[in-house]
Amino acid sequence: MALSKAQAVLAAFLALFVFSVVSSDPDPLQDFCIGDLNVVPGINGFPCRNSSTVTVDDFIYSEIVNSSNTTNINRSGAIFGTVRRFPGLNTLGLSLARLDFLPGGFIPPHTHPRGSEMVYVEEGSVYAAIVTTDNRLFARVINRGEVMVIPRGLIHWQMNVGRTNAKIIAILNSQFPGIQFIAASMFGSRPEVPSEVLKKTFFLDERTIEQVRSKFV
Ligand SMILES: *[C@@H]1O[C@H](CO)[C@@H](O)[C@H](O)[C@H]1NC(C)=O
Ligand SMILES: *[C@@H]1O[C@H](CO)[C@@H](O)[C@H](O)[C@H]1NC(C)=O
Ligand SMILES: *[C@@H]1O[C@H](CO)[C@@H](O)[C@H](O)[C@H]1NC(C)=O
Ligand SMILES: *[C@@H]1O[C@H](CO)[C@@H](O)[C@H](O)[C@H]1NC(C)=O
């Protein structure tokens with residue numbers, strides 16, 4: 001069946017709409033746009049620095065040469081190379097992170113609302129998991145050299161199940177993907193999520209709620 005002109009136009013608009021919803025950060029209109037971090041970001045990123053002041057160092061990021069600090073309750077650490085630390089990423093729809101884990105180290109369940117992620121295990125073995133919107137768990141141990149992809153916005157976590165330290169390099173398709181920890185958002189927000197809501201959501205009593213909250217002060 002041939003489409004009428006109106007149907008064809010409608011189909012084209014729908015295709016455009018779907019594309020703009022599923023794509024990552026918007027496409028740039030120039031070769032590069034080293035973000036000027038001294039200016040308040042606009043609707044979609046930072047204004048470009050004067051390109052005649054740009055040097056090779058604006059394209060290089062060195063903060064991940066050393067391990068992140070793993071001396072904390074999670075026994076893990078992260079260094080986030082988002083546009084705010086690496087302004088050369090501005091408008092490119094990319095960012096990265098280095099994740100370090102002591103044995104048993106853990107990055108608790110979280111989401112990146114604005115980016116899909118690929119995690120490359122450079123050292124060690126981690127149990128890595130994704131939970132989908134229909135509550136299916138996809139999880140297994142990934143080893144040195146393997147990569148897992150985590151679709152945008154889905155809940156995921158990683159835990160070092162090896163006897164040695166583990167190291168992951170993550171690449172995300174947003175210059176500022178955001179990170180939201182599930183437990184910290186629910187039990188550590190300011191002002192607090194009302195106890196009544198937590199009771200009804202997690203079926204916990206007041207005392208347990210206070211116990212969990214105390215971990216996030
Ligand atoms: C960019 O920098 C160059 C060299 O310092 C200068 O001549 C030029 O006026 C600047 N352009 C803008 C838009 O500020
Ligand atoms: C990495 O660690 C070395 C040795 O402690 C230090 O000199 C260097 O400044 C660190 N590099 C970065 C990017 O933090
Ligand atoms: C790592 O973090 C801990 C806890 O905040 C702190 O006491 C320690 O000095 C940090 N270590 C380094 C090397 O920055
Ligand atoms: C540990 O994980 C929690 C999420 O449950 C997070 O809020 C917190 O920032 C993490 N702590 C460190 C030091 O990484």
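How many aromatic pairs does the structure hold? I looked, and the count is three; rings of Phe, Tyr and Trp (its six-membered ring) pair if their centres lie within 6.5 Å.

Ground rules first. The model is predicted, so I keep in mind that local features need pLDDT of at least 70 and side-chain atom pairs pLDDT 80 or more, while totals for chains, interfaces and linings use all residues. Residues are numbered from 1 along each chain as its sequence is written, chains are lettered from A and ligands numbered from 1 in written order, and side-chain values use heavy atoms, leaving out hydrogens and water.

Entry: Tyr61 and Phe86. I find this pair stacked, 5.1 Å centre to centre with 15° between the planes (stacked is under 30 degrees, edge-to-face over 60, tilted the rest). Tyr61 sits in the loop between helix H1 (5-22) and E1, and Phe86 in the loop between E1 and strand E2 (95-101), so the pair ties together parts 25 residues apart in sequence. Helices (H or I, at least four residues) and strands (E, at least two) are DSSP runs, numbered from the N terminus. Tyr61 is buried at 13% relative accessibility, and Phe86 is buried at 11%. Buried means under 20%, exposed over 50%, partly exposed in between (1.4 Å probe, protein chains only).

Entry: Phe187 and Phe202. This pair is tilted, 5.3 Å centre to centre and 35° between the planes. I place Phe187 in helix H2 (residues 182-187) and Phe202 in helix H3 (residues 195-202), 15 residues apart. Phe187 counts as buried at 9%, but Phe202 is partly exposed at 34%.
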